[in-house]
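Subject: Structure for you to look at

Hi,

Here's the structure I promised to pass on. Have a look at it first, and then read my notes on the ligand below.

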Amino acid sequence: MLYIVPTPIGNLQDITLRALDILKSADVIFCEDTRRTQGLLSHFVLSKPTLRYNENDDRSVSRCVEILQQGKTAALVSDCGTPCISDPGWKLVRQALKAGVKVSSLPGPSAVACALAGAGITGGAFTFLGFLPRKPGKAAKLISQAYALGVPVVLYESPYRVVKMLGLISQTLGEGTPVIVARELSKVYEEWLRGSADEVGRTLAARAKVQGEFVLIIDRPGTEQKEENLNEDPHF
Ligand code: SAM
């Protein structure tokens, strides 16, 4: 049996009771980075064998599947949040399913859901693109295509590239394109920046150093005018 176990994205108290139960009872924990997971386990005073899985190494994935086929129970974790969501894990899940192993996915922390819920925007529909390709041309094309669907677009971005990304959004969709930027969710310095891509980009660029982890939400223009009639949202 393979359990997919989400772990906190910044605040260790966000681990669920069920996640702790599974980590406690599993025979082994498959980790993106064993040292990182050891930190989590020692915080919760858990001791458990860990095994690193490397998505780019087929033998590593096969080794994990063999353990599951021996009837062992394993928990799959990534460094933070939900495994497989802009994180490794999906190849292992797919191979496990192919091998007839039962897979169960636990609900829990994920930056995309956390940012969307706090964004204060309407709509049950959104497009999640995760990390965009490094090449500006490819990234711009994906942004335009996703935005054309008419629902908010959610991106993950690193502190080193967030200002450039806001510039690209501005260039591709227009300077006034509204964005919500969630920084350091669930951490001490949690921060929400709202405004046009251009404005938010300038605010961040003016800082001595851009630090932290970011979720970018590209909203639709005019959302605020529609606020009074939320039921008009076709995706609600
Ligand atoms: N699997 C994770 C999840 O479920 O959200 C995502 C892992 S991905 C490698 C890491 C990215 O998630 C960061 O670069 C950032 O874009 C986003 N992220 C993770 N933690 C965050 C936080 N506390 N605040 C804002 N964004 C966060």
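The ligand sits in the largest pocket. Keep in mind that this is a predicted model, so every value here is computed from it.

Who are the neighbours? The shell around the ligand has 19 residues, and Asp-87, Ser-110, Ala-111, Tyr-156 and Phe-214 come nearest. By type, the shell splits into 10 nonpolar, five charged and four polar residues.

Where do they come from? Domain 1 (2-105) and domain 2 (111-226) each give at least three residues to the shell.

Now zoom in on some polar atoms. Asp-87 uses its side chain: a polar atom there is 2.8 Å from a nitrogen of the ligand. With Ile-9 it's the backbone, where a polar atom lies 3.0 Å from a ligand nitrogen. Phe-214 also brings in its backbone, with an N or O atom 2.6 Å from an oxygen of the ligand. As for cover, the ligand on its own would expose 570 Å², and the protein buries 92% of that.

Cheers

Terms used: Residues numbered from 1 in each chain as written. Predicted model: local features only at pLDDT ≥ 70, side-chain atom pairs only at ≥ 80, totals over all residues. Heavy atoms only, no water. Near = heavy atom within 4 Å. Polar contact = N/O pair within 3.5 Å; in protein donor to acceptor, adjacent residues only side chain to side chain. Areas by Shrake-Rupley, 256 points an atom, 1.4 Å probe, with all protein chains shown as cover. 1 Å grid on protein atoms, 1.4 Å probe; cavity = no way out; pocket = protein on both sides within 12 Å on 5 of 7 lines; lining within 4 Å. Sits in = over half its atoms within 2 Å of the grid points. Nonpolar A, V, L, I, M, F, W, Y, C, P; charged D, E, K, R; others polar. Domains from an automatic or database assignment.
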